[in-house]
Amino acid sequence: MPPLSRHTMSCFRLTLLYSTLVFLSREAFRRACLSGGTDHNWRQVINLLWLTLPLGVLWASLLVCVWLWLLEVPDPLTIPHYGPAVGLFALAALQELLAEPLWVLAQAHMFVRLKVVAESLAMVAKCVLTVVLVVSAPQWGLYIFSAAQLVYTGFLVLCYFVYFLHFLGSGEANRKYFPLQRVADLLPSSVEGEPVIDWTLARLTWSFFKQSFLKQILTEGERYVMTFLNVLSFGEQGVYDIVNNLGSMVARFIFLPIEESFYVFFAKVLERGRDVRQQKQEEVAIAAEVLECLLKLVLVIGLIITVFGYAYSHLALDIYGGSLLSSGAGPSLLRCYSSYVLLLAINGITECFVFAAMSKEEVDRYNLVMLALSISFLLLSYMLTWWAGGIGFILANCLNMGLRILHSLFYIHRYFLSSQWTPLLGLRPSPLLLLALALSAVLTALSEGVFCCDGGWLLRLVHIAVGAGCLLGVLVTVLLTETKLVQFVRTQLLPRYGKKHT
């Protein structure tokens, strides 16, 4: 096996360790503590959120043992420093958990710009350090990526702490009636005569905690199957991981921030577990209208990615990695992943609403649904991968995501059934937009066959120009036919990300 494949898979496993540890340690707390918006006793919420750190230590101890003693360890002569790198990635995850109370505070009070700035600065610092160390000390190997991950999480924590050190007690905080006044309020504390934590939120956290296992399997299931069952060769796993990272960029940088932000919005507007007729109708109307526009937004973006992803996957991989990526199964994988992004986008918004509206009892019942989905997904991943290779993972993900979307659509339909609102109309694009997308799909596919990708850069540029013209036509069609969506983006979405508070 080439050293590059082993090195790629080592990084793949390290990032899987990091994402698993962080997700299992904090996801349930985020879901529970963001319910109800700012209407909490924040001293109790802060105390509850600090439990993520000891929980993270427990998970780190368990997962490090699994990664070092249950999984295959690379040959130290080929890939040195793997053992220390596992420990450093676990340490980076624990370091990120230090900012969890501040992250929840920022999200609950809609400090949107803080999150964007903090993550951007952290990513820039990580990339700069990686480039510098790869150029100056390539022999350090996995130490480079471990150090970069530590710098990333360190910058995140630093940005949040610096911001709140400046913000707490300021005139701006007083004008906005911010519930905490001193830096000491960010640390665990108790007041005589009141519980240390909010036990209602603690019980809801436990419900989401049971769900977090299953959601992690559904989110990263193919990675666990690849890591533990070795259904693909190391080289195939490396190509799949590169394609997965490229294909999921839109989900990470566009869909995920929208999902996180509007989960907080729905949790503030709706009263968890109450029938639509028992809630303030003006707030239900706002939630329904926002949900409809969000569904339309992610549907349009997902359809554009699906259509143009088919004709430009080969070119994208050729530019990114040369013939090493574009000559094998890479283009087919990326084409399939482009279609999967559409399902990923719709599921993110529908589950965002569902989890904000569900009662604790409904969350517990949904855990059983997720258990069945998790088992079926793992079985499907294993069987389809033996049949279709890496594409089998994407097919299993599509089937799994489709079932989750159906469940969420049924829930949303029942939720609004006794009201006058029908937010699911957001999943119905205009006929003219569908026509423009279909025409673009045909033209770009023909362009790829004629101009791409072995005729040199001149023909490639012609292919890119054809795609740019088709994309411009689709965007003009959106502006002319989806006026309600355009108005929502202009008046609601863009201001939300252009200001610190809304």
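**Surface, core and charged pairs**

Start with helix 15: 7 residues of the nonpolar patch come from there, the largest share. Helices here are DSSP runs (H or I, at least four residues), numbered from the N terminus. Before I go on, the ground rules. This is a predicted model, so local features need pLDDT of at least 70, side-chain atom pairs count only at pLDDT 80 or more, and totals for chains, interfaces and linings use all residues. Residues are numbered from 1 along each chain as its sequence is written, and side-chain values use heavy atoms, with hydrogens and water left out.

Back to the patch. Two helices each supply at least two residues: helix 9 (199–229) and helix 15 (360–388).

Take Leu371, in helix 15. Why does Leu371 count as partly exposed? Because its relative accessibility is 40%, and the cut-offs are under 20% for buried, over 50% for exposed, and partly exposed in between.

Now inside. In soluble globular proteins, nonpolar side chains tend to be buried together. The largest nonpolar core here has 156 residues. Touching the most other members are Tyr160, Phe164, Phe262, Phe266 and Phe416. Helix 12, residues 281–321, gives the most to this core: 20 residues. A core is a set of buried Ala, Val, Leu, Ile, Met, Phe, Trp, Tyr and Cys residues joined through side-chain atoms within 4.5 Å.

Look at Phe164. Leave aside its neighbours within four places in sequence, and Phe164 is in contact (heavy atoms within 4.5 Å) with Leu102, Leu105, Ala106, Phe111, Leu114, Phe178 and Leu186.

Helix 12 also bends. The kink is about 60°, centred on Tyr312. That bend is the angle between axes fitted to the seven residues ending there and the seven starting there. After helix 12 comes Gly322, with a positive phi near 70°.

Last, charges. How many salt bridges does the structure hold? There are 15, each a side-chain nitrogen of Lys or Arg within 4 Å of a carboxyl oxygen of Asp or Glu.

Arg26 pairs with Glu96 at 2.8 Å, N to O. Arg26 is in helix 1 (residues 3–33) and Glu96 in helix 4 (residues 82–97), so the bridge ties together parts 70 residues apart in sequence. Buried or exposed? Arg26 is buried, at 14% relative accessibility. Glu96 is buried too, at 10%.

Next, Lys115 and Glu260, at 3.0 Å, N to O. This pair links helix 6 (residues 112–136) to helix 11 (residues 249–269), 145 residues apart. Lys115 is buried at 10%, and Glu260 is buried at 18%.

Third, Lys210 and Asp364, whose closest N and O atoms are 3.7 Å apart. Lys210 lies in helix 9 and Asp364 in helix 15, so parts 154 residues apart in sequence are tied together. Lys210 is partly exposed at 34%; Asp364 is partly exposed at 23%.

One network to finish. Salt bridges with shared partners join Arg26, Arg30, Glu96 and Glu100.

Note on methods
Buried < 20%, exposed > 50% of the residue type's maximum accessible area, 1.4 Å probe, protein only.
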